[in-house]
Amino acid sequence: MYNSGKIIAGIVIFFILATLPFLLNIGKANTKVEPSINTPEINAMAIKQCIEPREFMRAKHMQLLHKWMDQVVRSGNRIYVSSSGKQYDISLKDTCLGCHSNKKEFCDKCHNYIAVKPYCWRCHVELKEDKS
Amino acid sequence: MSINRRQFLTLAGMSTILGVGSASVMTGIGKGSLEASEVSPDPRALNAGRWGFVVDVSKLRTDEDYQRCIDACHNIHNVPSIREPRHEVKWIWKDSYEHSFPNTSEDAYMNSELREKNFFLFCNHCARPACVRVCPTKATFKRNDGIVMQDMHRCIGCRFCMAACPYGARSFNYVDPRPHIRDWNKAYPTRMIGVVEKCTACYERLAIGRQPACAEASNGAIVFGDLEDPNSEVRKLISEKYTIRRKPELGTQPSIYYVIGGGEHV
């Protein structure tokens, strides 16, 4: 094999460069995204429970919001009956942001982390943080 | 490289198993809709077979009377007030008799009071709306109660509806409307650049049992009610007084009736 020294050295250098981002982060814990539920409204609740179980909201909140959007605008249904039988007004502003009044610390935190840009806020108004 | 029968069958069998497996994964993803959920309308909601308006402009005497209704609507719905006329956005506005009823305006001897009167113009919520027929995304659609509704989420801004509407009831957001909103009503969303908007007959107020904002602010000049109910106030007004509609010859069956003169003695 000709020039084996150079080739092997090149392969080693290439391997190190290609895996550098991983090598640098060995041993470091993954940055954990913790959307904050520390708002006065939620803290005042006896049982901190969203309209549906946490796992469901984590996985399916976008489908839920999408369904809400169609129900209000296209079907005129404004009351949501959750799996626990409680009734809620279908309203992003009043029901969702009524408790999660910290959009920057709640919605934006995960959305920024996974680089999705929902365009809810180009029309819908974020009540409290909008003033600042 | 050759392959014998046994190898081929093994390969084919494995691919089939993998294919079936991934198909079940795909259907599993498709089922990810919402299991536990029901929706219902608000019990306070007002219902009708076909909502309609009767506009009696003889009850509007000054410009302030008009402006009060326009402001009521535009402030509630965050309609921007844009100076540039090409970018103007409006849900309800006033215009001359000549512009409102162009097909009847060439009569030189007609009642001059009527000719000089301004008329309230807004979406006619037609029974056979041209805008709904042309919308490629069903962003504008006809509700069961007769309201021609605009789903801003689904609008792609093609403006076919604006070309189709014979009444000019639709406005396009050529610029971001937010900087042009005077009194921001935080209870109602704004719109974004690139969507068409228009009067929605205050569907959000009907849903909680309230009359449209313009009717509420008009002191009786705009009456709102069910055109299919023979005992409703709008039907009584239409049967008692002489009313006209805008461009009826187009066959869109508009739901706004304008009371023309006559007053109380007709």
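Four strands of chain B form an open sheet of mixed pairing in the order β9-β2-β11-β10. Helices (H or I, at least four residues) and strands (E, at least two) are DSSP runs numbered from the N terminus, and two strands pair if DSSP finds at least two bridges between them. The model is predicted: local features need pLDDT of at least 70, side-chain atom pairs count only at pLDDT 80 or more, and totals for chains, interfaces and linings use all residues. Residues are numbered from 1 along each chain as its sequence is written, while chains are lettered from A and ligands numbered from 1 in the order in which they are written.

The edge strands of this sheet are β9 (222–226) and β10 (243–244) of chain B, each of which pairs on one side only. Strand β2 (residues 51–56) of chain B runs antiparallel to β9(B), to which 5 bridges join it; here B:V54 has B:V223 as its bridge partner. Towards β11(B), β2(B) runs parallel, with 4 bridges, and B:F53 stands opposite B:I256. The pairing of β10(B) with β11(B) is antiparallel over 2 bridges, and B:I244 stands opposite B:Y258.

In β11(B), B:I256 and B:Y258 point one way and B:Y257 and B:V259 the other, and all are buried. A residue is buried if 20 or more other C-beta atoms lie within 10 Å of its own, exposed if 12 or fewer, and partly exposed in between, with C-beta atoms placed from the backbone. Helix α9 (residues 233–240) of chain B lies across β2, β9, β10 and β11 (256–259) of chain B and runs at about 115° to β9(B). Axes are lines fitted to C-alpha atoms, for helices over the stretch in contact, and angles run from 0 to 180 degrees between N-to-C directions. Two residues are in contact if their C-beta atoms, placed from the backbone, lie within 7 Å.

Strand β9(B) is also one of the elements against which the buried residues of α2(B) pack, the others being β3 (92–96), β4 (118–122) and α8 (213–217) of chain B. These buried residues are B:Y66, B:C69, B:C73, B:H74 and B:I76. Helix α2 (residues 63–76) of chain B has 14 residues and reaches 20 Å from its first C-alpha to its last, close to the 20 Å expected at 1.5 Å a residue; the expected span is 1.5 Å times one less than the number of residues. After α2(B) comes B:N78, with a positive phi near 55°.

Positive phi values also occur in two loops of chain B. B:R159, which is not a glycine, has a phi of about 70° and lies between β6 (148–150) and α6 (160–164) of chain B. With 15 other C-beta atoms within 10 Å, B:R159 is partly exposed. B:C202, likewise not a glycine, has a positive phi of about 50° and is placed in the loop between β8 (196–197) and α7 (203–206) of chain B. B:C202 counts as buried, with 23 C-beta neighbours inside 10 Å.

Chain A comprises 5 helices and 2 strands, which follow the pattern α-α-α-β-β-α-α along the sequence. The radius of gyration of chain A is 23 Å, whereas a compact globule of 132 residues would have one near 14 Å; the radius is taken over C-alpha atoms, and the globule rule is 2.2 Å times the number of residues to the power 0.38. Along the principal axes, the C-alpha atoms of chain A fill a box of roughly 75 × 35 × 35 Å. Of its 132 residues, 11% count as buried. Among the contacts in chain A with a separation of 6 or more, 57% are between residues 24 or more positions apart.

The contact between the chains takes 20 residues from chain A and 20 residues from chain B. On the side of chain A, α3 (54–75) and β1 (79–81) each supply at least two residues, and the largest share, 8 residues, comes from α3(A). The residues on this side divide into 9 nonpolar, 6 polar and 5 charged, where Ala, Val, Leu, Ile, Met, Phe, Trp, Tyr, Cys and Pro count as nonpolar, Asp, Glu, Lys and Arg as charged, and the others, Gly among them, as polar.

An open antiparallel sheet of 3 strands, in the order β2(A)-β1(A)-β1(B), draws on both chains. Its edge strands are β2 (87–89) of chain A and β1 of chain B, and neighbouring strands are turned by 30° against each other on average, direction ignored. Within chain A, β1(A) and β2(A) pair over 3 bridges, with A:Y80 opposite A:Y88. Between the chains, β1(A) pairs with strand β1 (residues 38–40) of chain B in the antiparallel sense over 3 bridges, and A:V81 has B:E38 as its bridge partner.
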